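Have the model open as you read.

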Amino acid sequence: MLFQSKVGLVSILSTVAALSRTVEKKVQCQATLDIALSVASTLQSTYFDAGTGQYNGGSLWTDANTLEDLHNLMLATGTDQFSTVADTSFIGRFALSSNTDWQSVLAGSNDDAGWIVLALWKIADYKNSRGQDSSAYVDSASKIYNIIATQWDDTCGGGVWWSTAHTYKNAITNELFLRLSAEGFLRGSGQTYLDNALKTWSWLSGSGMRNSQNLWNDGLNFDDCQNNGQTTWTYNQGVIASGLGALYAATGNSSLLAQGELTLDATIAHLSTNNILRESCDDAVAGGPVCNQDQQIFKGIWTKHLQFYLDYANDPTRVAKYSSWLGSQTSAVYHYGTNANNIVGSVWYAPDQGGSIFTPKTDASGLAAHIAAAKYGPC
């Protein structure tokens, strides 16, 4: 057993709370935050429809990530210019209504559910920091978490299904469940959350989805439960790290950080060009591949979850290891990725030659890179 007594548990939780206060108070780079605020303002004025509470051209799960980014930004800056977005958003309206049927909202998508929980928690953190009532958001997060937890079964030895159709077990859904379970425990949700985190990491680590390059492929074959060899998307490599960071914070097991960095380092080695993240569907030149509506936000999710990983690790040596890399990402987003209208496109690794596309998802992706670099990059 990782915890031998209530005294030990209280001690660890006290330490985690202290570390959380430390990372929130870290001095951030104001110049990078100013760029992030400018991008966020353009994102909101260009794409957010206050009437529907959605981003034009967005989707449920990418909207959730964008909401998380805006509140992550306000927590970093201490500003409140996006303070009304949560309650007017599509997701926020559901959270605030006691009549919401989350099963219906989620429509069977267990990975979408995980992203929404992360957004609800970040909104709650912001509201708590401003002395506001966050209970509706916290309660909704708990309800959604419980829905996801029911989707675990013994097929392929364990794991949560990608959807309630039960046709696919993949990396991202279970990486998210790892992160939610470990962080939920840290937020005081009880031992069941920690137990779920431990069993999820045990299953993931034995699933075969991490390949010989230490990158996570997309998922498992339905017929034989073997690694399907599909694309090693950047976001899969980031979310596993933040999940392992959260589990480290919950247990004190530093080997989890080493496991996370195997994949972070593999991302840098294998999923970048010119020291800049590059999705397999990114091409600066017109006529090449173009990332689809989901893939456009992946790189920003990687940078965001590196930020969260470093929050949990709370180790200056690890920050120093990744600081210049985060600086390279924010610089590329600013110099190569951003157009004359202050909207960030899909391509970061080189100047746009007609191949970059500009959507609310690509814009939110760039925003996340700026926010992460403001906290842990050079200034």
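## A salt bridge inside one loop

Let's begin with Asp153, which counts as partly exposed at 22% relative accessibility (between the cut-offs of under 20% for buried and over 50% for exposed, with a 1.4 Å probe and protein chains only). Lys169 is buried, at 3% relative accessible area. These two form a salt bridge, with their closest N and O atoms 2.7 Å apart; the term asks for a side-chain nitrogen of Lys or Arg within 4 Å of a carboxyl oxygen of Asp or Glu. Asp153 and Lys169 are 16 residues apart, and both sit in the loop between helix H8 (135–149) and helix H9 (171–186). Helices here are DSSP runs of H or I with at least four residues, strands are E runs of at least two, and both are numbered from the N terminus.

Before going further, a word on what you're looking at: this is a predicted model, where local features need pLDDT of at least 70 and side-chain atom pairs count only at pLDDT 80 or more, while totals for chains, interfaces and linings use all residues. Residues are numbered from 1 along each chain as its sequence is written, and side-chain values use heavy atoms, leaving out hydrogens and water.

## Lysines over tryptophans

Lys169 has a second contact to look at: it lies over the face of Trp161, 4.8 Å from the ring centre. For a charge to sit over a ring, NZ of Lys or CZ of Arg must be within 6 Å of the ring centre and within 35 degrees of the ring normal. Lys199 does this with Trp152, at 4.3 Å from the ring centre.

## A salt-bridge network

How many salt bridges does the structure hold? There are 14. One of them pairs Lys321 with Asp265, the closest N and O atoms being 2.9 Å apart. Lys321 belongs to helix H14 (residues 316–337) and Asp265 to helix H12 (residues 255–270), so this bridge ties together parts 56 residues apart in sequence. Both ends are partly exposed: Lys321 has a relative accessible area of 40%, and Asp265 comes in at 31%.

Another bridge joins the side chains of Asp315 and Arg318, at 3.2 Å from N to O. Asp315 is partly exposed too, at 23% relative accessibility.

## Aromatic pairs

Now for the rings. The structure holds 16 aromatic pairs, counting rings of Phe, Tyr and Trp (its six-membered ring) whose centres lie within 6.5 Å; planes under 30 degrees apart are stacked, over 60 edge-to-face, and the rest tilted. Take Trp61 and Trp115: their ring centres are 5.3 Å apart and their planes meet at 35°, so the pair is tilted. Since Trp61 lies in helix H3 (residues 60–77) and Trp115 in helix H7 (residues 110–129), the pair ties together parts 54 residues apart in sequence. Trp61 is buried at 7% relative accessible area, and Trp115 is buried at 2%.

Phe90 and Phe94 make an edge-to-face pair, 4.8 Å centre to centre with 80° between the planes. They both lie in helix H5 (residues 90–96), four residues apart, or about one turn of the helix. Phe90 is partly exposed, at 29%, and Phe94 is partly exposed as well, at 24%. Back with the tryptophans, ring pairs link Trp61, Trp115, Trp233, Tyr235 and Phe298 into a cluster.
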